[in-house]
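Work through the exercises below with the model open. Each task is followed by its solution in steps.

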Amino acid sequence: MDEHDPRWTSTNFDFDFDFDQLDAPSATRSRPSGVGIDPKLVAAYHGRRSPYGRALRWVFGLLALAALAQELVGTHYDRKLTAAARAVTGQPDVEVNCRRVWDELTFLKANPGFVMWGSKTANLSFGICMDALSWASDPDDEHARVAIMILTHELGHLAGHFDEAETECVAMWAVPRTAMALGGSEVEGRRTAQWYAASYNPLLRGDYVAPGCLANRPPVSPMLR
Ligand SMILES: [Zn+2]
């Protein structure tokens, strides 16, 4: 580069920046006059916090609040459904656990209800618990009907039934008892069983299908004594 080349020299270049300012703490840097921002505020937002910090705090705060609210409601659901489960199975040590949002993270497949081998606890999804408890006030609602049937099916496992079709059949016969234990009507419980036998059970996976269940004699079960 030729330093005398007029293209590289600029007589108008008025560069007046104090480079020492870059090394100084931000609060002591000089600012253009007339801009009234507190340097401490600038340091607080640009010096220490990530731009996502505030949003993340909101997200985690709201999640914690939702989890707390769900915990309060879930504890209430657990208590009501456990009382019903003990009445229907006749076993004083069985329990119903309504899964919370945190539990769903550990159950990768969205299973509406299950009982672990040898366990005394029926695990139901939070939605199934909610819908089963709403059945008594709206026994024609199909979600509530399926939910109270899933609940009764899991109670069948707690009562000692392992074959899925047999457990389905026990549940269809026993659902009027679950209905009464949840403050509903026995007649509506029977209507739910008939709807389930005709419209829902035949659509299930083969080992769950119980053809002619309600037309035959009830299966032998501690839930049907
Ligand atoms: Zn089952």
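**Exercise 1. Determine the strand order of the sheet and how its strands pair.**

Step 1. This is a predicted model. Start with the pairing of β1 (residues 95-98) and β3 (residues 121-124): four bridges join them, and the two strands run parallel.

Step 2. Valine 96 has alanine 122 as its bridge partner in β3.

Step 3. Turn to β2 (residues 113-115). Three bridges tie β2 to β3, this time antiparallel. Glycine 113 stands opposite leucine 124 in β3.

Step 4. The three strands form an open sheet in the order β1-β3-β2, with mixed pairing. β1 and β2 are the edge strands, since each pairs on one side only. From one strand to the next, the twist averages 25°.

**Exercise 2. Find which helix packs on the sheet, and which strands the helix touches.**

Step 1. The helix is α2 (residues 53-89), and α2 touches β1 and β3.

Step 2. Compare directions. α2 makes an angle of about 150° with β1.

**Exercise 3. Locate the glycine with positive phi in the hairpin of β2 and β3.**

**Exercise 4. Is α5 mostly covered or mostly uncovered, and how does its length compare with the expected span?**

Step 1. Take the length. α5 (residues 142-158) contains 17 residues and reaches 24 Å from its first C-alpha to its last. That is close to the 24 Å expected at 1.5 Å a residue.

Step 2. Apply the burial cut-off: a residue is buried when 20 or more other C-beta atoms lie within 10 Å of its own. In α5, 15 of the 17 residues pass, so the helix is mostly covered.

Step 3. Of the 225 residues in the protein chain, 29% are buried.

Step 4. Look past the helix end. Glycine 160 follows α5, and its phi is positive, near 110°.

Terms used. Residues numbered from 1 in each chain as written. Predicted model: local features only at pLDDT ≥ 70, side-chain atom pairs only at ≥ 80, totals over all residues. Pairing = 2+ DSSP bridges. Axes fitted to C-alpha atoms, helices over the stretch in contact; angles between N-to-C directions. Contact = placed C-beta atoms within 7 Å. Buried ≥ 20, exposed ≤ 12 C-beta atoms within 10 Å, placed from the backbone. Expected span 1.5 Å × (residues − 1).
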